[in-house]
Number of protein chains: 4
Amino acid sequence: MLLAMDGFGFSTEITVRFAETDAQGIAHNASYLVWYEVARIEYLARFRGGYKTIQDEGYEALTIESHVRYLRPVFFDDRVTVNARVVDLRGARFRFEYLLARGDETVADGWTQHAFVDRETLRPTRSPEWLTAAIAAVEKDG
Amino acid sequence: MLLAMDGFGFSTEITVRFAETDAQGIAHNASYLVWYEVARIEYLARFRGGYKTIQDEGYEALTIESHVRYLRPVFFDDRVTVNARVVDLRGARFRFEYLLARGDETVADGWTQHAFVDRETLRPTRSPEWLTAAIAAVEKDG
Amino acid sequence: MLLAMDGFGFSTEITVRFAETDAQGIAHNASYLVWYEVARIEYLARFRGGYKTIQDEGYEALTIESHVRYLRPVFFDDRVTVNARVVDLRGARFRFEYLLARGDETVADGWTQHAFVDRETLRPTRSPEWLTAAIAAVEKDG
Amino acid sequence: MLLAMDGFGFSTEITVRFAETDAQGIAHNASYLVWYEVARIEYLARFRGGYKTIQDEGYEALTIESHVRYLRPVFFDDRVTVNARVVDLRGARFRFEYLLARGDETVADGWTQHAFVDRETLRPTRSPEWLTAAIAAVEKDG
């Protein structure tokens, strides 16, 4: 595991793919939402089989809001550390915060807001108890 | 409807999106498979509600093979005509052929091979009769 | 031209591509940033050749911040009207606001913040005068 | 390094991203071309700084043809080993072959054809000598 930034207990690393760049020669702005997602999946993978288990138990987590600040351009083949943490998990909703760094330089930050829904009906539902507990345990010092 | 190239009874037009370019300053090679798909969906939309109807009747069409020849680079904001036709629809399988043109210049061509499957089991199944008939009618001079 | 929503003088329409959906059966959250971009390009296309002219004159417009609220899921083949307007164009920066609708139902909204940079140096630079004037003219009632 | 399949001296591993799936619940057919590319970049990274060095020396490698056989559906979070090798590197052209496996099950295969071009003019040019030599050395038993 990489050493996460201050205030973040989790991080993962992505390498910017050529397909993720655009004709400005930098990573396209939509790519960051995909990297956020990669970090969320790996964040959750630490708990009981992760997102697949969440789905198997009849839930989906919808993304209901997203925000990115692109602080410095990121280039093909750059290695970017995606720090992620959950804040405000209660009821059906939770929020992830992100900080993206290249070496010790912050290149982007932002957050996403999510809602648990019933997989069949897509109606809001409380998050699985075990997940709330597991996240509370790892984020208690957040 | 655009005038399709010789041998093609159908065409649609896409405009190259900025997100579809890469740091070489040209459209990324994977974008062409997305444009193929856009053309397939619009091709099928002429028949009984198109792909959504096919799904509603319990089918999916999987892509089982793809091929692209990239003959000339394509750039941001280029308008590209995607000519498409079905060849060899029989049993569970069918093939689309494509010719992509910018003005009167051919920029790419290729084909995809598909298989009808049962939507639940993902097992191969014969194509819907009405679709076979409809495609045979429009492609009879192919 | 489509009739834009109240407060928006411009809109364009996209059809959700199959490639833009994900295994939740709905459009992926990153797709919205691509649709924003399609709308920006078409918005600017009304002025002097649009973004290509801006590039030819030595500028790029970087995306420095993005925000999306996903209000209702959007599905394959849905037609979505993307309303867009520029607010706060001054100096090197400008902001686009968006409202996405399916029929008369709002499905998403948000904004992006941009900075004009010199194409060679990627350093901030004032926006082209002609563009500031042209946008001011169309957005004066905004 | 992973153990590559018989006949392949190189492999890398990708995990299927949620963004790479579509509403059929499987990885989208265009994603495979992105995975091919990830494998090419890592394949080349073993030689003198890889693709970035190739670019720095004034070359680009264009993709001029692609082919994929989708043998079995691939799902969200599946780990896929992408085996890659270069065959037929001579003059300005070279070909990559790929075999994608999930565990010991082959899920896809195919190839891409490439041409070296001068980065400024985009005109065909012989591949860098050092790269031809380096690839010949690793692929000699191919």
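Arg69(A) stands opposite Glu65(C) in β2(C). The two residues belong to a strand pair in which β2(A) and β2(C) run antiparallel and are joined by five bridges. Strands here are DSSP runs of E with at least two residues, and helices are runs of H or I with at least four residues, both numbered from the N terminus. Two strands count as paired if DSSP finds at least two bridges between them.

This is a predicted model, in which local features need pLDDT of at least 70, side-chain atom pairs count only at pLDDT 80 or more, and totals for chains, interfaces and linings use all residues. Residues are numbered from 1 along each chain as its sequence is written, while chains are lettered from A and ligands numbered from 1 in the order in which they are written.

## The A–C contact

The contact takes 16 residues from chain A and 16 residues from chain C; two residues are in contact if their C-beta atoms, placed from the backbone, lie within 7 Å. On the side of chain A that touches chain C, α1 (31–44) and β2 (59–70) of chain A each supply at least two residues. The largest share, nine residues, comes from β2(A).

By class, this side of chain A has eight nonpolar, five polar and three charged residues. Ala, Val, Leu, Ile, Met, Phe, Trp, Tyr, Cys and Pro count as nonpolar, Asp, Glu, Lys and Arg as charged, and the others, Gly among them, as polar.

## The sheet through A and C

Strands of a sheet pair through backbone hydrogen bonds, either parallel or antiparallel. Ten strands form an open sheet here, with antiparallel pairing, in the order β1(A)-β3(A)-β4(A)-β5(A)-β2(A)-β2(C)-β5(C)-β4(C)-β3(C)-β1(C). Its edge strands are β1 (10–15) of chain A and β1 (10–15) of chain C, each of which pairs on one side only. From one strand to the next the twist averages 25°, with axes taken as lines fitted to C-alpha atoms (for helices over the stretch in contact) and angles running from 0 to 180 degrees between N-to-C directions.

Within chain C, strand β2 (residues 59–70) is joined to strand β5 (residues 105–118) by eleven bridges, and the two run antiparallel. Gln113(C) in β5(C) is the bridge partner of Glu65(C), the residue that Arg69(A) stands opposite.

## The B–D contact

In chain B, 16 residues are in contact with 16 residues of chain D. The side of chain B that touches chain D draws at least two residues each from α1 (31–44) and β2 (59–70) of chain B, and β2(B) gives the largest share, nine residues. That side divides into eight nonpolar, five polar and three charged residues.

Between the chains, β2(B) pairs with strand β2 (residues 59–70) of chain D in the antiparallel sense over five bridges. Ser66(B) has Val68(D) in β2(D) as its bridge partner. Inside chain B, β2(B) also pairs antiparallel with strand β5 (residues 105–118) over eleven bridges, where Ala61(B) has Phe116(B) as its bridge partner.
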